[in-house]
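Me: I would like to learn how to read a few features of a protein model. Please give the general idea, then the case at hand.

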Amino acid sequence: MVTVKAPAKINLTLDTLYKREDNYHEVEMIMTMVDLADYITVSELPQDKIVIKSNECGIPLNEKNLAFQAARLFKRHFKITKGVEIFIKKRIPVSAGLAGGSSNAAATLKALRKLWRVKCTLEELAQLGAALGSDIPFCVIGGTALATGRGEVIHPIQSPPKCWVILIKPRIGVSTRVVYEALDASKAHHPDTAGMMEAIASKDYQGVCKRLGNSLEDVTFSKYPVVEEIKEKLIQFGADAALMSGSGPTVFALVRKDYKLRRIINSIHGCFREYEVYAVRLIG
């Protein structure tokens, strides 16, 4: 039995440059991990099958689950004929723009490598995972990184300055595919990714806050106005900066002072009682 932590990620920048011939968008984004995580536990089965179990009833427990697909791909690639049971202990909200499913798939690949003592590098696992989803390579490598291509080309960079991250997810799900289909990259906002990298390298917290940006915000805001409302409220409540993560609907705020964190959390609970709220640390 092997257990591996599967952290959530947030996008400090997400820039969609243009639509490629393969219908994916060429992107340039800086992602980092936060201390909100699922846990993947794998156990060997004598029969050649894959079984998914979870404490969360809202995720598929069949071949639609990315962890299932990751296990199937791993077994085929490395010619493993033994079976595996995968238990997913969920804490990351589902369909939230936090790469929960991708992180589960990445953790499954790492757990199976350890369970079956397969000799391969993280880079090889990341390349394998890219066949299943653009966020999986980053979730395999971890930390903080610039991602290019369709998101699968990973360039690790330094960690951003330490701070609190407040995550708010309204009780809606957002389809990444639908958001990208509605996006006109030529009219989208293009964040200063190079400037963000400079701010991170120099540990300039205010510079990081000023350069948060996401090309997908306007599309998601137009379809789900509540997401924009959450972002505006976080700024009103005193957050140092706020941004939608991924394609949404989760919005995160950066906060450095403990007293400000407590004040914002209290304001959030008074305004958005029905939403999921987390206060976590950057771990990138």
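Me: What volume does the largest pocket have?

Reply: On a 1 Å grid over the protein atoms alone, a pocket is an open set of points with protein on both sides within 12 Å along at least five of seven lines. Grid points are joined across faces, edges and corners, and the volume is the space filled by probe spheres set on the points. Here the largest pocket comes to about 1300 Å³. The model is predicted: local features need pLDDT of at least 70, side-chain atom pairs count only at pLDDT 80 or more, and totals for chains, interfaces and linings use all residues. Residues are numbered from 1 along each chain as its sequence is written, and side-chain values use heavy atoms, with hydrogens and water left out.

Me: What is the strand order in the open sheet of 4 strands?

Reply: Strands of a sheet pair through backbone hydrogen bonds, either parallel or antiparallel. Two strands count as paired if DSSP finds at least two bridges between them. In this sheet the order is β9-β10-β7-β11, and the pairing is antiparallel. β9 (241-244) and β11 (276-281) each have a single partner strand, so one side of each lacks a neighbour in the sheet. β9 pairs with β10 (residues 251-255) over 4 bridges, and Ala-253 of β10 is the bridge partner of Ala-242.

Me: Which residues of helix α6 are buried?

Reply: Buried means under 20% relative accessible area, exposed over 50%, partly exposed in between (1.4 Å probe, protein chains only). In α6 (residues 193-201) the buried ones are Thr-193, Gly-195, Met-196, Ala-199 and Ile-200. They fall within an arc of 155 degrees seen down the axis, so they line one face of the helix; the arc is that of the directions from the helix axis to the C-beta atoms. Their cover includes β1 (2-19), β2 (25-45), β5 (144-148) and α7 (205-210).

Me: Is Thr-220 buried or exposed?

Reply: Thr-220, in helix α8 (residues 217-223), is buried because its relative accessibility is 0%. Leaving aside residues up to four places away in sequence, Thr-220 touches Val-174, Val-179, Val-227, Met-244 and Ser-247, where contact means heavy atoms within 4.5 Å.

Key: Helix = DSSP H or I, 4+ residues; strand = E, 2+ residues; numbered from the N terminus. 1 Å grid on protein atoms, 1.4 Å probe; cavity = no way out; pocket = protein on both sides within 12 Å on 5 of 7 lines; lining within 4 Å.
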